[in-house]
Amino acid sequence: MKVQREKQHIIDFLFPIALFFVFAASALAVVLMAASVYEKTAASAERSYESRTSLDYVTEKIRQSDSSGSVSAGTIDGLPCLTIRETYGNTAYLTMIYAHDGMLKELFVQEGVTVNADDGTEILPIQDFRVSEPEDGLFRISCTTGSGEEISSWAALRSASGDHSGEGGSQ
């Protein structure tokens, strides 16, 4: 008995190889697009963290120290700072929050001690920090993040005179 063989064509060999390369190229394109989307999302999350964390930190410090006359806008070495006065035992202490050398810094010292801006503990990278008290117990906190984004927020002391309703939104 004679076995017949089918005649092989070159297309029978090339078609599966071409199909494999199309699949591989498509998979590579999807991976590259996903990596690009991930990179943009991570950068956006970093910018959001950087911009909101500094204001949230300062706002929380104001809330924690909410007693009449304990929080004020001041300066250290000519730089604007938030000054929080606290008493432990019979001794008064100051916490100063300010920006210096590209960092948000915090300095905790006994009241009356001579300090300079270099003494603070670094908290977060930040270009600029401003705090003002347009009304008694109402603070406007503004900062410029390391990426150059300028943001601001309002915080009010509940213990202060006047009718403020707590923290306001950011701009």
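**Notebook: cysteines, sheet, rings and one histidine**

I looked up cysteine 81 and found that it is buried, with a relative accessible area of 0%; buried means under 20% relative accessible area, exposed over 50% and partly exposed in between, with a 1.4 Å probe and protein chains only. I note that this is a predicted model, in which local features need pLDDT of at least 70 and side-chain atom pairs count only at pLDDT 80 or more, while totals for chains, interfaces and linings use all residues. Residues are numbered from 1 along each chain as its sequence is written, and side-chain values use heavy atoms, with hydrogens and water left out.

Cysteine 143 is buried as well, at a relative accessible area of 1%. I then searched the whole structure for disulfides and the result was zero, a disulfide being a pair of cysteine sulfur atoms within 2.5 Å.

**Sheet**

I traced an open sheet of seven strands in the order S1-S2-S3-S4-S5-S6-S7, with antiparallel pairing. Strands here are DSSP runs of E with at least two residues, numbered from the N terminus, and two strands pair if DSSP finds at least two bridges between them. At the edges I found strand S1 (71-76) and strand S7 (150-156), each of which pairs on one side only. From one strand to the next the twist averages 35°, with axes taken as lines fitted to C-alpha atoms and angles running from 0 to 180 degrees between N-to-C directions.

For S1 and strand S2 (residues 79-88) I noted antiparallel pairing over six bridges, and serine 72 stands opposite threonine 83 in S2. Threonine 83 counts as buried at 13% relative accessibility. Not counting residues up to four places away in sequence, threonine 83 touches Ser70, Val71, Ser72, Gly74, Leu94, Thr95 and Met96, where contact means heavy atoms within 4.5 Å.

The hairpin of S6 and S7 has four residues between the strands, and in it glycine 148 takes a positive phi near 95°. Five of the seven residues of S7 are buried, so this strand is largely enclosed by the rest of the structure.

**Aromatic rings**

I counted four aromatic pairs, under the rule that rings of Phe, Tyr and Trp (its six-membered ring) pair if their centres lie within 6.5 Å, with planes under 30 degrees apart counted as stacked, over 60 as edge-to-face and the rest as tilted. One of them joins phenylalanine 20 and phenylalanine 21 edge-to-face, at 5.6 Å centre to centre and 65° between the planes; both residues are exposed.

Tyrosine 93 lies in strand S3 and phenylalanine 108 in strand S4 (residues 103-110), so the pair ties together parts that are 15 residues apart in sequence. Tyrosine 93 is partly exposed at a relative accessible area of 22%, and phenylalanine 108 is also partly exposed, at 44%. Ring pairs link Tyr88, Tyr93 and Phe108 into a cluster.

**Histidine 100**

I placed histidine 100 in strand S3 (residues 91-100), where it is buried with a relative accessible area of 16%. Leaving aside neighbours within four places in sequence, histidine 100 is in contact with Leu79, Lys105, Ala117 and Asp118.
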